[in-house]
Number of protein chains: 2
Amino acid sequence: MEEIMSELPAAHAAGAGAPAPENDAKARMRAALTAELPEEIVLHAEEDLRPFECDGLSAYRRLPMLAVLPSTIEQVQAVLRICHAHDTPVVARGAGTGLSGGALPLESGVLLSLAKFNRILDIDTANRRATVQPGVRNLAISQAVDHLGLYYAPDPSSQIACSIGGNVAENSGGVHCLKYGLTTNNIVQIEIVTIEGERLTIGSPALDSPGYDLLALMTGSEGLLGVIVEVVVKLLPKPELAQCALIAFDDVRKAGNAVAEIIKAGIVPAGLEMLDHPAILATEEFVHAGYPTDAAAILLCEIDGTEGEVADDMARVREVVEASGATDIRISRDDVERALFWAGRKAAFPAMGRISPDYYCMDGTIPRRALADVLIGIGELSEQYGQRVANVFHAGDGNLHPLILYDANQPGELENTEAFGGAICRLCLEYGGTITGEHGVGVEKIDQMCVQFPSAELTQFHAVKAAFDAKTLLNPDKAVPTLHRCAEFGAMHVHHGQLPHPELERL
Amino acid sequence: MEEIMSELPAAHAAGAGAPAPENDAKARMRAALTAELPEEIVLHAEEDLRPFECDGLSAYRRLPMLAVLPSTIEQVQAVLRICHAHDTPVVARGAGTGLSGGALPLESGVLLSLAKFNRILDIDTANRRATVQPGVRNLAISQAVDHLGLYYAPDPSSQIACSIGGNVAENSGGVHCLKYGLTTNNIVQIEIVTIEGERLTIGSPALDSPGYDLLALMTGSEGLLGVIVEVVVKLLPKPELAQCALIAFDDVRKAGNAVAEIIKAGIVPAGLEMLDHPAILATEEFVHAGYPTDAAAILLCEIDGTEGEVADDMARVREVVEASGATDIRISRDDVERALFWAGRKAAFPAMGRISPDYYCMDGTIPRRALADVLIGIGELSEQYGQRVANVFHAGDGNLHPLILYDANQPGELENTEAFGGAICRLCLEYGGTITGEHGVGVEKIDQMCVQFPSAELTQFHAVKAAFDAKTLLNPDKAVPTLHRCAEFGAMHVHHGQLPHPELERL
């Protein structure tokens, strides 16, 4: 743990630093960029750079050396070609809603904003595809095809604000990814610009594309392999009917087991979420969704499809959760009630803001059968670290979002929170899970990558990176740690749920 | 076209050649391998090597220098380490059912058979996963979990024989991949051995894994990046009910449009297949499935799910196809009749063997809306090349399997067939499709890759290859052509459906 704590203050301090002076490197890069690009799209003044100093992981802040706001693919190509020629790092940024610091700029680098790439270029109903620019907001796609009875399935909580380029870079999920998959399952083709400024088409609108699957490789690569300038997404028909069941339990373990049983029964809910008692209390007080405040845990189970399908599946859900010991089951009677059931879940994060000055949203994934054990383990860690935690899970996927409540103004509390978060990551790995579900690694979890991956696999990652970006100029020091960094961190690789040292088995 | 024809005879001639003599290189490799491995697993005599001379693309035959049949991962590591040290190419082979020559050996190389890796290692019902060795047959997985109400979804026609390692290497599909996805959507983790003999775990049993998506990258990489030694597959619950509709049309165009309309209506059939008139005639004569022999085309549309879901969706299928001009609709009354409907489709390939001495199975993919146009285009090409063709499609996916009928004993007919096949590939590309749906590139379509991909993308493929296999020892000269080869072929890259030269627009 020492390593995490000794590193973090330095990283945080970067944010507090004064803006870099208009030094030689900055002047040189600015001249090189404005020689080929309109001067007004190359931002250099501190007040113009300030909006780019952080993304959704606001504990980390840094001003970029310069920011560029291109509006054409040719301009993106020019920016990358120039950065490559000048050995200057580049961080691409969409809407900046990421939660792991993936868009945190570098003081010695260029911040490349894709904000102006905000047009939907084509909607092809026969093939159910839309071609969009990377800066298009996630929800805007569904809104644009709503009148056609279609929608874009991945729905991260930030979908009002987050943009599709960032969704691809982070392989975003959402409440509905249990049934409809992550971003990687919902896109078919992208255009990228390489660090050399070359434009590549990756993937194909057809079923499958020969050659290596670079589309999946790019998806979730956190901006380390190329800059996405166009995306072709799949559109799905809106289901005829959707119903949500609100299911209460007097015991977290029973709720966790019910999740496993629902899946085991072969039911594929459109969403299957779980809130524990602290999360229920905080959200109910905030939005009055009608959650039972005496429950130890609730499940929200949404079923969509045709009328017959929903009726059949809902009956089976009822059967399974009754057998699992549910104390109360309410099924939404109409879309108004369904929206109300979801309102609590969707407001869970802001609700925490009302009961705690700060909260830290974790994001780990575990096999579903371990849900109850990990929940209980998190409770034990909460006592050990002396900090409150509320749990809001994409339970069906085994994707956890423990929210650690803290007060950044209390000395040491942020550091303790991050240590607690690290312990949760290791707990997920112990149970055969991963350190991130859908929020990415970024700067936040880069050290935890040393715990998840042995050096042979990290070496392979770096070899793949070199195949795209030999100079490591694209979003450096994020997502994949160097072996050197892991050695410094004192890499504790957990394999097949076994920690290498027995004394670490219960952190 | 000249280039294809001038190259093919040479490739074919390789098959006719005499076995390589026990030359120095062979003796040296044999000594190196037997120094570390049991002598009986290193095959060197011609009669022992003969079974490995070809895969399902039997027009291409070559004897390997040596064949090795390891039974442990350590032995696979040793084979690859030794080959790497001796700069000797290696071709890995599963069941040898591939249709694009991906397992064709090299006369100067080692053939690595995974046949002994045929055990199911673990079945995890709570998480619906099975851990299997690569030599396990596709169907054997579903059989092993049948009593648990589960199955493994991808179902290539060869599923009785083909093995899961090969399925991963080729990203195999099948009748049900419309609803349940290709292999890449149905596996969560693999173990590979690199050409250096290093063992890597790729992917994760959890929802998502951080780092680059090497699992998707490996899937469909046709043995060029590593040797798969273990696979964790997803298992699905068997649907409560499945029904199949047999739908007849008096016009191919109406049938093609009906496919697009079914998908547009938001129905996701478990399978949606199409047979044209020659295919109907040949199969009906063979298996008497009750297909209407006067129809221009039939669709087989399978719906699975709960009873309510099947009833709802089948009613909507009926509505849509009636509006599209179907002349006859029969819905299977029970599983016996359903099996009968499918029997024709499943026997389509052998049925061709009864009406023609030889047939060449093509595999292209097009956007669904182009189905009718491409079918008509294939008919025109059939007249132009003077050869009969029967069409059996995974219509819902836009995945075509035109079967070109020929007689290898007629001089020039094989070459004409392959030229015809090349023209079909280009036709698919013209309509925004790809040159392969699920059979891979292998040796068969390597030149067509030059047509599909511009050099920038091929260069990126080679860079990725180098990140895994810098010496290009793994399955060389397959799947991804060198730029040199494309230059010799006279690369005709088709981008966005536009051929670069107007005179090529209608080959």
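Mentor: Chain A is divided into domain 1 (2-113) and domain 2 (356-504), with bounds that come from an automatic or database domain assignment. This is a predicted model, in which local features need pLDDT of at least 70 and side-chain atom pairs count only at pLDDT 80 or more, whereas totals for chains, interfaces and linings use all residues. Residues are numbered from 1 along each chain as its sequence is written, chains are lettered from A and ligands numbered from 1 in the order in which they are written, and side-chain values use heavy atoms, with hydrogens and water left out.

Trainee: How many residues does each domain of chain A bring to the contact?

Mentor: Contact means heavy atoms within 4.5 Å, and here domain 1 of chain A gives 23 residues and domain 2 of chain A gives 22 residues.

Trainee: What area do domain 1 and domain 2 of chain A bury between them?

Mentor: The size of an interface is often given as the accessible area lost when the parts come together. Summed over both parts and taken with a 1.4 Å probe, the area buried between these two domains of chain A is about 1,900 Å², with 61% of it on carbon and sulfur atoms.

Trainee: Which residues form the salt bridge?

Mentor: A salt bridge is a side-chain nitrogen of Lys or Arg within 4 Å of a carboxyl oxygen of Asp or Glu; A:K471 pairs with A:D87, their closest N and O atoms being 2.6 Å apart.

Trainee: What is found between chain B and chain A?

Mentor: There, 69 residues of chain B are in contact with 69 residues of chain A, and the buried area is about 5,800 Å². The count of salt bridges is two, and B:D124 and A:R369 meet in a salt bridge at 3.2 Å, N to O.
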